[in-house]
Amino acid sequence: MASLQGKHFRLALDAIESIGRAETPSSVCDAISDLTGSFGYNHICFLASSGRKEQSFDEKVVLKLWPKAWAEQYALSNYYAFDPVAPRIRERPESFTWAEINFSKTDKIASSIMEIAATDYGLKQGLCVPVHGMNGYQAGVSLAGREVENTQEARAAIELVTMFGFNRLTIIKSRQPARPAILTPREREIMNWVAAGKTAWATSAILKISEDTVNKMVSMAMQKLNVHTRAQAVAECIRRGEIDL
């Protein structure tokens with residue numbers, strides 16, 4: 001990491017002080033986005049990993065300040081599965097710019113994603129910052145902007161504040177009281193199998209109950225969780241601590 005001095009040191013210090021006073025996840029994210037915005041990165045996506053390989057993109061997102069139309073297109077077109085940048089955050093030990101990613105130009109889908117982001121939404125330059133801990137990859141931030149300060153000092157400030165911010169988020173989360181369980185033990189058992197990707201038929205065979213019972217209990221769980229799809233139900237179960245994968 002490059003040494004910090006002058007403007008970059010002051011900006012990083014101000015952000016760290018703000019994060020240190022933060023009592024909510026949104027306040028931490030605001031401090032990070034304020035810092036990155038000062039370097040021209042006015043679009044940010046903060047991702048955190050639960051360690052579950054099947055974790056969907058939406059489940060990973062802690063903060064997403066993207067152009068609304070781009071966020072919708074990214075989700076509807078399942079761009080995350082083909083994005084040449086985002087998956088590499090987990091693989092890299094330190095920050096990297098989008099321009100540093102080497103992907104085959106013959107990969108038309110990946111090339112198209114990058115072209116659409118730059119041309120249609122102004123996401124021309126990007127920086128990714130992974131956060132690694134004792135258990136490996138824990139989180140990552142993907143930043144983008146039209147004109148950015150691409151210097152080692154700016155990158156160092158962003159790396160430092162991102163790591164401090166993630167640690168603060170972890171502390172805040174540990175202090176939050178556990179939500180009371182709203183699902184029955186049987187509903188949680190079934191939602192665990194849904195999260196594992198099992199169909200209603202497979203779940204019924206595993207638990208030796210009828211497929212109709214499985215579907216009814218999933219529907220009841222969805223109502224209690226106030227969600228509309230099974231994917232949303234799984235994400236909400238994990239967020240609330242009803243299931244832990």
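Where is the place of Arg 146? I looked there to begin. Arg 146 sits in the loop between strand S5 (136-145) and helix H6 (152-175). I note that this is a predicted model.

**Entry: Arg 146**

I listed the contacts of Arg 146, leaving aside neighbours within four places in sequence. Arg 146 is in contact with Gly 122, Lys 124 and Gln 125. I then checked a distance. The C-alpha atoms of Arg 146 and Ala 181 are separated by 45 Å, and these residues are 35 apart along the chain.

**Entry: the sheet**

I traced the strand order next. Five strands form an open sheet, S2-S1-S5-S4-S3, with antiparallel pairing. Which are the edge strands? They are strand S2 (61-65) and strand S3 (96-97), each pairing on one side only. I looked at the pairing of S1 with S2. Four bridges join these antiparallel strands. Phe 46 stands opposite Leu 63 in S2.

**Entry: helices on the sheet**

I followed two helices over the strands. H2 lies across S1, S2 and S5, and runs at about 140° to S1. H6 lies across S1, S2, S3, S4 and S5, and runs at about 45° to S4.

**Entry: H2 against H6**

I checked how these helices meet. The axes of H2 and H6 come within 9 Å and cross at roughly 175°. An angle over 145 degrees counts as roughly antiparallel, so H2 is roughly antiparallel to H6. I listed the residues that make the contact. H2 supplies Pro 25, Val 28, Ile 32, Leu 35 and Thr 36. H6 supplies Ala 157, Ile 158, Val 161, Gly 165, Arg 168, Leu 169 and Ile 172. By class, I find nine nonpolar, two polar and one charged residues in this contact.

**Entry: the cores**

I turned to the nonpolar cores. Nonpolar side chains tend to be buried together in soluble globular proteins. How many residues has the largest nonpolar core? It has 29, and Phe 46, Ile 158 and Val 161 have the most contacts inside it. The elements giving two or more residues to this core are helix H1 (6-21), helix H2 (25-38), strand S1 (43-48), strand S4 (125-133), S5 and H6. H6 gives the most, with seven residues.

I picked out Ile 158. Not counting residues up to four places away in sequence, Ile 158 touches Leu 35, Thr 36, Phe 39, Tyr 41, Leu 127, Val 129 and Leu 143. Another core, of 25 residues, lies apart from the largest one. Among its residues I noted Ala 71, Tyr 74, Trp 98 and Ala 110.

Definitions and conventions
Residues numbered from 1 in each chain as written. Predicted model: local features only at pLDDT ≥ 70, side-chain atom pairs only at ≥ 80, totals over all residues. Heavy atoms only, no water. Contact = heavy atoms within 4.5 Å. Core = buried A, V, L, I, M, F, W, Y, C linked by side-chain atoms within 4.5 Å. Buried < 20%, exposed > 50% of the residue type's maximum accessible area, 1.4 Å probe, protein only. Axes fitted to C-alpha atoms, helices over the stretch in contact; angles between N-to-C directions. Parallel < 35°, antiparallel > 145°, perpendicular 65-115°, else oblique. Nonpolar A, V, L, I, M, F, W, Y, C, P; charged D, E, K, R; others polar. Pairing = 2+ DSSP bridges.
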